[in-house]
Amino acid sequence: MITILLVAPEPDRLAGLAATDSSRELLFAPNAEEAVEKLARNRRIDAVLVMPFEGAAVAVAAIREELTPPPPLFAPASAGLVAIGVQTLSDGEPAQLLEAVAASLQGGSTER
């Protein structure tokens, strides 16, 4: 079972993704504060996928500051977070991004 924290401002809109793969557990956080809280309470999170939104860089900075070392951090290229050490994925739909994260964790490529 792979557990991924999805940081996105509208997690309710993405909740349907949780049922797409039984080998993957998704947790959701709408902002930096909740992302750090969920990571602190749940050490079994394997990776964090940060979707593009105004507070994305703040979320990454908070995660890096509060957790040493943080789980692997991923974001689509359109999020513009490569400069702060986030593994960049090709842009795509959330389901495609989750597949790329899962593949990376299982030793595959992050490219689609």
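Leu5 has Val48 of strand 3 as its bridge partner, a pairing found here in a predicted model. Strand 1 and strand 3 are joined in the parallel sense over four bridges, and they belong to an open sheet of five strands, ordered 2-1-3-4-5 with parallel pairing. Strand 2 and strand 5 (87-89) each have a single partner strand and stand at the edges, so one side of each has no neighbour in the sheet. From one strand to the next, the twist averages 30°.

- Helix 2 lies across strand 1, strand 2 and strand 3, and its direction runs at about 160° to strand 1.
- In helix 2 (residues 32-41), the buried residues are Ala32, Ala35, Val36 and Leu39; they lie on the same side of the helix because they cover an arc of only 95° around its axis.
- The cover over these buried residues includes strand 1 (2-7), strand 2 (24-29), strand 3 (47-50) and helix 3 (56-66), whereas the face of helix 2 turned away from the buried side carries the exposed residues Glu33 and Arg41.
- At the start of helix 2, a side-chain oxygen of Asn31 comes to within 3.2 Å of the backbone nitrogen of Glu33.

**Helix 4**

- Helix 4 packs on the sheet, where it touches strand 1, strand 2, strand 3, strand 4 (73-76) and strand 5, and its direction makes about 150° with that of strand 3.
- The twelve residues of helix 4 (residues 94-105) span 17 Å from the first C-alpha to the last, close to the expected 16 Å.
- Buried residues in helix 4 include Leu97, Leu98, Val101 and Ser104, and just after this helix Gly107 adopts a positive phi of about 90°.

Notes:
Residues are numbered from 1 along each chain as its sequence is written. This is a predicted model: local features need pLDDT of at least 70, side-chain atom pairs count only at pLDDT 80 or more; totals for chains, interfaces and linings use all residues. Side-chain values use heavy atoms; hydrogens and water are left out. Helices (H or I, at least four residues) and strands (E, at least two) are DSSP runs, numbered from the N terminus. The expected span of a helix is 1.5 Å times one less than its number of residues. Buried means under 20% relative accessible area, exposed over 50%, partly exposed in between (1.4 Å probe, protein chains only). The arc is that of the directions from the helix axis to the C-beta atoms. Contact means heavy atoms within 4.5 Å. A polar contact is a pair of N or O atoms within 3.5 Å; within protein, one must be able to donate a hydrogen and the other to accept it, and residues adjacent in sequence count only if both atoms are side-chain atoms. Two strands pair if DSSP finds at least two bridges between them. Axes are lines fitted to C-alpha atoms, for helices over the stretch in contact, and angles run from 0 to 180 degrees between N-to-C directions.
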